[in-house]
Amino acid sequence: MKMMENEEYKIEVLEKQYGSVRDFLHHYITFKELQKNHDKFNGSVFWKLTSDAHLLQAILYWTTVFGSFNNEIHLNKLDDENRAKNDFNTKLLIHLNFSKEEWETYRKSMINFRNKFIAHQNPRFNNPVPILDVAYKCALFYDEWIEEYVKPDFFTGLSIAEMIEEYKQEVEGLLKNF
């Protein structure tokens, strides 16, 4: 375990969380860019399935960190006393300008969509796809928060936000030339 502002955290959980948040952002950005370029694809089933796959994968990655509390890399697994989760949630609510109830409703809608549509293809499930803009803001906030929370002993190089901006430019360039 490493120290985070006089607290301990589980490095193996942090590494997986960080990777899942980064991968959520990659899939989210890809989905958004494919949606922006929808007209170029002339109704292609390939591009629709590709776009849908990125959307579903984004939700899967996001819910591993922020969804069900029993996930092995959920935020509450970062330390043994839930200090990280409590600190993050308190600051996230302020960042999003959400009440606890609004956050729980959103979080549960993501879990419900993952469980009933993605994982189990429940034929009676007809809820709309959750709006991922909140998940995106949450992921970018996590990037800022975690760097401050664990300090520089884990982080070197680009932040997730910087990596994602480079990736977005790459995807935009690829689709521009399509």
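**Packing, rings and loops**

Visitor: Let us start with Trp 103; what is it in contact with, leaving aside its neighbours within four places in sequence?

Guide: This is a predicted model. In it, Trp 103 contacts Trp 62, Asn 89, Leu 92, Leu 93, Leu 96, Phe 98, Val 134 and Cys 138, once neighbours within four places in sequence are set aside.

Visitor: And which residues of the largest nonpolar core touch the most other members?

Guide: They are Trp 62, Phe 88, Trp 103, Leu 132, Tyr 142 and Trp 145, in a core of 43 residues. At least two residues of this core come from each of α1 (11-36), α2 (45-66), α3 (83-96), α4 (100-119), α5 (133-150) and α6 (160-176).

Visitor: Which helix gives the most to this core?

Guide: That is α5, with ten residues.

Visitor: Stay with α5, please. Which of its residues are buried?

Guide: Val 134, Ala 135, Cys 138, Ala 139, Phe 141, Tyr 142, Asp 143, Trp 145, Ile 146, Tyr 149 and Val 150 are buried in α5. As background, an α-helix has 3.6 residues a turn, so residues three or four places apart point the same way.

Visitor: What span should α5 have at 1.5 Å a residue?

Guide: Its 18 residues should span 26 Å, and the end C-alpha atoms of α5 are 26 Å apart, which agrees.

Visitor: Now α4: how far does it reach from its first C-alpha to its last?

Guide: It reaches 27 Å with 20 residues, close to the 28 Å expected at 1.5 Å a residue.

Visitor: What do the buried residues of α4 pack against?

Guide: They pack against α2, α3 and α5. The buried residues of α4 are Trp 103, Tyr 106, Arg 107, Met 110, Ile 111, Phe 113, Arg 114 and Ile 118.

Visitor: A change of topic: how many aromatic pairs does a search of the whole structure find?

Guide: The search finds 17 aromatic pairs. One of them joins Tyr 28 and Tyr 136, whose ring centres are 4.8 Å apart and whose planes are at 25 degrees, so the pair is stacked. Tyr 28 belongs to helix α1 and Tyr 136 to helix α5, so the pair ties together parts that are 108 residues apart in sequence.

Visitor: Is Tyr 28 buried or exposed?

Guide: Tyr 28 counts as buried, at 4% relative accessibility. Tyr 136 is partly exposed, with a relative accessible area of 24%.

Visitor: And what of the rings of Phe 88 and Phe 141?

Guide: Their centres are 5.5 Å apart and their planes are at 45 degrees, so this pair is tilted. It links distant parts of the chain, as Phe 88 is in helix α3 and Phe 141 in helix α5, 53 residues apart. Both Phe 88 and Phe 141 are buried.

Visitor: Which residues do ring pairs link into a cluster?

Guide: The cluster contains Trp 62, Phe 66, Phe 88, Trp 103, Tyr 106, Phe 141, Tyr 142, Trp 145 and Tyr 149.

Visitor: What sits over the ring of Phe 69?

Guide: The charged end of Lys 85 does, 4.8 Å from the ring centre. Lys 85 and Phe 69 also figure among the contacts of His 74, which include Val 13, Gln 17 and Phe 66.

Visitor: Where does His 74 lie?

Guide: His 74 lies in the loop between α2 and α3. With a relative accessible area of 3%, His 74 is buried.

Visitor: Finally, what is the phi of Asn 42?

Guide: Asn 42 has a positive phi of about 50 degrees, although it is not a glycine. Most residues other than glycine have a negative phi. Asn 42 is in the loop between α1 and α2 and counts as exposed at 72% relative accessibility. Asn 97 has a positive phi of about 60 degrees; Asn 97 is in the loop between α3 and α4 and is exposed at 67%.

Conventions. Residues numbered from 1 in each chain as written. Predicted model: local features only at pLDDT ≥ 70, side-chain atom pairs only at ≥ 80, totals over all residues. Heavy atoms only, no water. Core = buried A, V, L, I, M, F, W, Y, C linked by side-chain atoms within 4.5 Å. Buried < 20%, exposed > 50% of the residue type's maximum accessible area, 1.4 Å probe, protein only. Helix = DSSP H or I, 4+ residues; strand = E, 2+ residues; numbered from the N terminus. Contact = heavy atoms within 4.5 Å. Expected span 1.5 Å × (residues − 1). Phe/Tyr/Trp six-rings, centres within 6.5 Å; stacked < 30°, edge-to-face > 60°. Lys NZ or Arg CZ within 6 Å of the ring centre and 35° of its normal.
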